[in-house]
Amino acid sequence: MDNAQVWLKGGTTSTTAGSPGKPDLVTTWTNQITSGGVEAQSFFQSDTGKMPTVGAKLNGIDSVEFDGSDNFLGAGDIATLDSLGTFMMAAVVKPTLDSNARSILSKGTGAADGSFSWRITGTGNNSKLSFVIFANLDNPENQVAMNSGATPFSSDTNNICLSYRTPSTAQNRINGADSGPAGSSDFMSATAGNVTLSPLLGEFSGGGCDPFDGLIYEIVVVSATALSGTPFSNLADIDSVEGYLAHRFALESNLPATHKYKKGKPWGKGRK
């Protein structure tokens with residue numbers, strides 16, 4: 001995962017026993033990024049009442065289940081996410097689409113300071129994948145969003161979700177295919193993540209968006225802005241991440257027939 005800041009790999013959580021007869025509680029989801037000058041901050045929760053639980057397996061790999069009420073995990077401020085320019089966020093999720101907005105990952109409070117919220121908006125057949133940036137723009141609500149097409153996925157199904165912005169374009173992708181229009185000029189110019197606050201998984205502290213309801217199996221965040229070396233900037237990187245997630249979680253059938261990794265894995269034999 002070149003230039004990644006966050007890699008919460010499925011099956012790498014630390015847990016504590018839940019109530020009798022209930023699933024174990026997730027205390028920590030270990031960030032796999034430990035090199036390249038990146039702050040290897042794991043996501044954790046110290047309040048047992050707000051801990052998500054170990055959820056159903058997919059291809060033998062545990063998920064983390066959020067109850068849509070007050071479950072979330074947070075990390076300390078990850079400085080390389082304080083000013084997102086070129087970025088990519090990818091995850092395998094199984095959402096329950098019964099609320100108008102559900103937060104996957106966020107940073108900030110929703111003030112006009114570059115806060116962002118990667119979320120699923122709308123209910124049922126009106127659901128969309130959305131990336132919202134709260135920037136100091138002319139927009140009365142100080143926010144600009146890039147939304148996928150309507151109904152990119154169904155409630156309680158496993159999906160590969162990915163949103164990205166390169167120097168030249170931005171797009172939401174669902175299960176390996178573009179969904180909805182590319183990011184607007186306002187979205188392209190807005191600075192995201194320009195806040196020294198903790199990133200939150202499954203929650204957004206700015207209001208107007210409920211906690212995530214459903215399963216998250218894995219999540220990857222790549223930001224090139226604050227890093228040296230070759231930045232993430234091309235579709236080959238996107239194809240590779242989607243291919244990795246699809247084959248790791250046996251979701252190859254979700255990918256379109258034309259996807260580069262519909263049949264072949266983006267890594268060598270024996271790796272999982």
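Reader: Which residue stands opposite N147 in β11?

Author: S130 does. This is a predicted model: residues are numbered from 1 along each chain as its sequence is written, local features need pLDDT of at least 70, side-chain atom pairs count only at pLDDT 80 or more, and totals for chains, interfaces and linings use all residues. Side-chain values use heavy atoms, with hydrogens and water left out.

Reader: What makes β10 and β11 a pair, and in which sense do they run?

Author: Two strands pair if DSSP finds at least two bridges between them. β10 and β11 have 5 bridges, so they pair. The sense is antiparallel. Strands are DSSP runs of E, at least two residues long, and helices are runs of H or I, at least four; both are numbered from the N terminus. The protein has 2 helices and 16 strands.

Reader: How many aromatic pairs does the structure hold?

Author: There are 7. One of them joins F134 and F204, at 5.5 Å centre to centre and 20 degrees between the planes. F134 is in strand β10 (residues 128-134), while F204 is in the loop between β15 (199-201) and β16 (213-223), 70 residues apart.

Reader: Why is the pair of F134 and F204 called stacked?

Author: Rings of Phe, Tyr and Trp (its six-membered ring) pair if their centres lie within 6.5 Å. Planes under 30 degrees apart count as stacked, over 60 as edge-to-face, the rest as tilted. The centres are at 5.5 Å and the planes at 20 degrees, so F134 and F204 are a stacked pair.

Reader: Are F134 and F204 buried or exposed, and how do you know?

Author: Buried means under 20% relative accessible area, exposed over 50%, partly exposed in between (1.4 Å probe, protein chains only). F134 has 6%, so F134 is buried. F204 has 3%, so F204 is buried too.

Reader: Which side chains of β11 are buried?

Author: V144 and M146 are; they point to one face of the strand (residues 143-147).

Reader: What makes R165 a charge over the ring of F187?

Author: NZ of Lys or CZ of Arg must be within 6 Å of the ring centre and within 35 degrees of the ring normal. R165 is at 5.6 Å from the ring centre and lies over the face, so R165 qualifies. F187 also belongs to a cluster linked by ring pairs, with F87, F116 and F131.

Reader: Where does pLDDT stay under 50?

Author: Over residues 226-231. pLDDT is the predictor's confidence in each residue, from 0 to 100. The protein averages 84, and 86% of the residues score at least 70.

Terms used. Contact means heavy atoms within 4.5 Å.
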